[in-house]
Amino acid sequence: MSGAAQKTAVVTGAARGIGLATTRAFLAEGWRVVMIDRDAPALEEAAAPLAGVDPVVCDVSQPGQVDQMAAYLAETTDRVDALVNNAGVADFGPLAETDFARWRTVMETNLDGVFLMSQALREALCAARGAIVNIASISGLRASTLRVAYGTSKAAVKHLTLQQAAELGEFGVRANCVCPGPVATKLAMAVHTPDIIAAYHDAIPLNRYGTEEELANVICFLCSEKASYVTGQIIAVDGGFEATGIGLP
Ligand code: NAD
C-alpha cells in the first residue's frame, strides 16, 4: 500500500519493547508509523533500520513538547488513522513508601501522557475516523500492595478509554484499552523480582510471559478495519491470568 491510501499510526514509547514491536507490526501491514519516544538515542537506533517510519523525539508528559509534536505532524502528515498510547513507566511500591514525587512521575507519563496525546491528536483522529489504543496493564484491573501509583495510573487509563469511546464514537473514532500481562521488557525486568517472575509463571494458565509481538498483534488488530465495531473495550492480553482470579504477585 502506498500514496494517498497509506494509513498512518502514531505510536508512543516506540523506541523499544511493546512500542517497537507494534511499530514493526504496523509496517508489516503497510502502514506508515510516526515513532514517538523521549529517549532520543534509543529512538534513532530503533528507527534507523526501518523503512516507512518518522521518528519524533517527544516526552508525552510535557504539554509543550506534545504541542510541538502535534504542530509538526499537522505540517508533515496528512492523516492520523491510529494513536497507540503505549509510553509508560513502572515504579512498584506500597502507599507507605511512595512519596509524592514518585507518584507524580508515574502519573505524568502513564496518565497525563495519554490525556495530552489524545487531546492533541483528537481532531486528526476524527478527520480520519481513526482508532485509539491505550496500553494499561493487568495491574490496573485489580489491587496489589505493591502498585499504588502504577496500578492506579493504569486503572485511570482504563476509564479514560471509556470516556474516549463515549465521546468520540459520533465521529467514527473507536477507543480500546489493552491490558498486558507480564512481558519481559526493560520496564518489567526492572521491577519483577525472581519471586514475582516465578509466581507469574505458576499463576498464568499458559505458564509463561507474553511476547512483545503477541501484544503488538492485538494492538494492530484493534486499529484495523477488522475491529470496526469494537470500541470501549478493556482487553487483557495476559495468557489467561485475569481469568484465574489469583492475586497479583
Ligand atoms: P519499555 O520500558 O520497554 O518501553 C517503554 C518506552 O516508553 C521506552 O522506549 C521509553 O523511553 C518510553 N517512554 C517512557 N516514558 C516516556 C515519556 N514520558 N514520553 C515518551 N516516551 C516515554 O516498556 P514496555 O514494557 O514495552 O511497556 C510499554 C507499555 O506496556 C507501558 O505502558 C507499560 O506500562 C505497559 N505494560 C507493560 C507490561 C510488561 O510486563 N512489560 C505489562 C503491563 C503493561
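Me: What's the mean pLDDT here, and how many residues reach 70 or more?
Reply: The mean is 96 for the protein, with 98% of its residues at 70 or more. Keep in mind that this is a predicted model.

Me: And what ipTM and pTM does the predictor give the complex?
Reply: The ipTM is 0.99 and the pTM is 0.98.

Me: OK, the sheet. What's the strand order?
Reply: It goes β3-β2-β1-β4-β5-β6-β7, an open sheet of seven strands with parallel pairing.

Me: Which strands stand at the edges?
Reply: β3 (53-57) and β7 (234-237) do. Each has a single partner strand, so one side of each has no neighbour in the sheet. On average, neighbouring strands in this sheet are turned by 20° against each other, ignoring direction.

Me: How many bridges join β6 to β7?
Reply: Four, between β7 and residues 174-180 of β6, with the two strands running parallel. In one of those pairings, Cys179 has Ala236 in β7 as its bridge partner.

Me: Now helices. Which strands does α1 lie across?
Reply: α1 lies across β1 (8-12), β2 (32-37), β3, β4 (82-85), β5 (131-135) and β6, and runs at about 170° to β1.

Me: What about α2, where does that one lie?
Reply: Helix α2, residues 40-47, lies across β2 and β3, at about 175° to β3.

Me: Switching to the ligand. Which residues come nearest?
Reply: Gly13, Gly17, Gly88, Thr185 and Leu187, out of 30 residues around the ligand.

Me: Which helices supply at least two residues of that shell?
Reply: α1 (17-28), α4 (100-120) and α7 (186-191) each do.

Me: And what's the shell like by class?
Reply: There are 13 nonpolar, eleven polar and six charged residues around the ligand.

Me: Last one: what does the UniProt annotation cover?
Reply: The unreviewed entry annotates residues 7-200 as "domain: Ketoreductase". That span is 49% helix and 16% strand, and its end C-alpha atoms lie 37 Å apart.

Technical notes
Residues are numbered from 1 along each chain as its sequence is written. This is a predicted model: local features need pLDDT of at least 70, side-chain atom pairs count only at pLDDT 80 or more; totals for chains, interfaces and linings use all residues. A residue is near a molecule or strand if its C-beta atom, placed from the backbone, lies within 6 Å of it. Ala, Val, Leu, Ile, Met, Phe, Trp, Tyr, Cys and Pro count as nonpolar, Asp, Glu, Lys and Arg as charged, and the others, Gly among them, as polar. Two strands pair if DSSP finds at least two bridges between them. Axes are lines fitted to C-alpha atoms, for helices over the stretch in contact, and angles run from 0 to 180 degrees between N-to-C directions. Two residues are in contact if their C-beta atoms, placed from the backbone, lie within 7 Å. UniProt positions are given in the numbering used here, feature names are shortened, and annotations may be inferred rather than shown by experiment. pLDDT is the predictor's confidence in each residue, from 0 to 100.
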